[in-house]
Amino acid sequence: MSSLTSELLKVERKSRSVRTRRLRWVDRVLFDEYGTPRLGNYRDPIREIFFILLSAKTTDRQYRASHRALFAAFPDIASIASASVAAVERCIHSGGLSGKRSAQIIAVAKALIAVPEPGARAFLKRAEPAESYPFLLSLPGIGPKSAFCVMMYSMRADVFPVDVNVQRIAERMGLIAPKLKHYTAQSTLASIAPDGCSRTLHVGMVAHGRKICLPVDPKCGQCVLRSECRYGKKRSPGLAQS
Ligand code: SF4
């Protein structure tokens with residue numbers, strides 16, 4: 001159940017709200033448009049943790065390249081944990097990533113290899129969300145959104161991560177207030193996200209944010225959500241009826 005997101009964040013659930021019905025509609029419309037696009041994420045929770053860490057504040061193409069380079073040079077967690085900051089930085093700098101991120105990657109690898117036998121991978125594959133969520137949050141650089149991404153992509157948990165695309169579309173549609181701090185946006189959307197469709201809704205909104213609802217100059221004229229979008233109607237009066 002997606003109420004899981006609100007449970008884990010300890011926010012009050014408002015599943016009967018009008019905004020929940022609107023999000024269900026968004027899910028259906030975007031599913032018809034994009035299906036369930038694969039965004040390069042991993043079923044293996046360990047690979048996914050590093051993929052998510054590398055994805056912050058960089059482009060899709062860059063973080064995929066950084067992740068490939070990292071695992072080509074260091075094929076397992078133990079080798080990342082014993083690497084030097086400079087060696088990790090050489091792998092990921094093409095993604096515009098800094099020494100700070102390299103140190104974080106090494107610290108995460110050290111925390112993962114410190115998990116007792118049968119190890120972090122086995123723990124994460126078997127753990128209940130109430131166990132895996134605090135464990136993931138304890139890793140350096142992993143906040144609620146990143147933890148939810150790992151749980152959603154690798155553990156099939158019905159949790160709803162809010163990234164910049166999800167926040168921007170929800171804001172423009174009038175589902176959340178403008179310019180919220182990221183954690184507040186995540187909590188607000190957790191309180192209204194419909195059950196059972198977290199993954200399709202998330203990947204649909206990410207795909208839509210990358211292709212149509214761009215940060216600057218969104219393509220409202222081509223948008224399947226425009227009939228329900230406050231920003232789109234204001235920006236192009238009459239467009240919603242077209
Ligand atoms: S109508 Fe425009 S602003 Fe609204 S969701 Fe579509 S592209 Fe984004």
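Because the model is predicted, local features need pLDDT of at least 70 and side-chain atom pairs count only at pLDDT 80 or more, while totals for chains, interfaces and linings use all residues. Residue numbers start from 1 along each chain as its sequence is written.

## Overall fold

The protein has 14 helices and zero strands; here helices (H or I, at least four residues) and strands (E, at least two) are DSSP runs, numbered from the N terminus. Along the sequence the pattern reads α-α-α-α-α-α-α-α-α-α-α-α-α-α. Taken along the principal axes, the C-alpha atoms occupy a box of roughly 60 × 35 × 30 Å. A compact globule of 242 residues would have a radius of gyration near 18 Å, and the 19 Å of the protein agrees with this. That radius is taken over C-alpha atoms, and the globule rule is 2.2 Å times the number of residues to the power 0.38.

Of the 242 residues, 41% count as buried. A residue is buried if 20 or more other C-beta atoms lie within 10 Å of its own, exposed if 12 or fewer, and partly exposed in between, with C-beta atoms placed from the backbone. Two residues are in contact if their C-beta atoms, placed in that way, lie within 7 Å. Among contacts in the protein with a separation of 6 or more, 67% join residues 24 or more positions apart.

## Helix H4

Helix H4 covers residues 60-73; at 1.5 Å a residue its 14 residues should span 20 Å, and the end C-alpha atoms are 20 Å apart, in agreement. The expected span is 1.5 Å times one less than the number of residues. Tyr-63, Ser-66, His-67 and Leu-70 are buried in H4. These residues cover an arc of only 100° around the axis, which places them on the same side of H4; the arc is that of the directions from the helix axis to the C-beta atoms. Arg-61, Arg-68 and Ala-72, on the other side of H4, are exposed. The buried residues of H4 pack against helix H3 (45-55) and helix H6 (85-92).

## Helix H10 and its surroundings

In H10, 11 of the 11 residues are buried, so this helix is largely enclosed by the rest of the structure. Among them are Lys-145, Phe-148, Cys-149, Met-151 and Tyr-153. The packing partners of the buried residues of H10 are H1, H3, H9, helix H12 (182-192) and H13.

Pro-144, another buried residue of H10, is touched by Leu-9, which also touches Ser-187 and Ala-190, not counting residues up to four places away in sequence. Leu-9 belongs to helix H1 and counts as partly exposed, with 16 C-beta neighbours inside 10 Å. Leu-9 and Gln-186 are 177 residues apart in sequence, yet their C-alpha atoms are 9.0 Å apart in space.

Gly-141 lies in the loop between helix H9 (129-137) and helix H10 (144-154). Gly-141 is partly exposed, with 16 other C-beta atoms within 10 Å. Its C-alpha atom is separated by 7.0 Å from that of Leu-53, 88 residues away along the chain. Leaving out residues up to four places away in sequence, Gly-141 touches Leu-53, Gln-104 and Val-108.

## Ligand shell

Around the ligand there are 14 residues, of which Cys-213, Cys-220, Cys-223, Cys-229 and Gly-232 come nearest. A residue is counted as near if its C-beta atom, placed from the backbone, lies within 6 Å. Helix H11 (164-173) and helix H14 (230-235) are the elements that give two or more residues to this shell, and H11 provides the largest share, three residues. By class the shell has 10 nonpolar, one polar and three charged residues. Here Ala, Val, Leu, Ile, Met, Phe, Trp, Tyr, Cys and Pro count as nonpolar, Asp, Glu, Lys and Arg as charged, and the others, Gly among them, as polar.

## Backbone details

Most residues other than glycine have a negative phi, and most peptide bonds are trans.

| Residue | Phi |
|---|---|
| Lys-10 | near 60° |
| Asp-217 | about 55° |
| Arg-156 | near 55° |

Lys-10 sits in the loop between helix H1 (3-9) and helix H2 (18-34) and is exposed, with 8 other C-beta atoms within 10 Å. Asp-217 is in the loop between helix H13 (198-211) and H14; with 7 C-beta neighbours inside 10 Å, Asp-217 is also exposed. Arg-156 follows H10.

The peptide bond from Glu-117 to Pro-118 is cis, with omega near 10°. Pro-118 is placed in the loop between helix H7 (99-113) and helix H8 (120-126).
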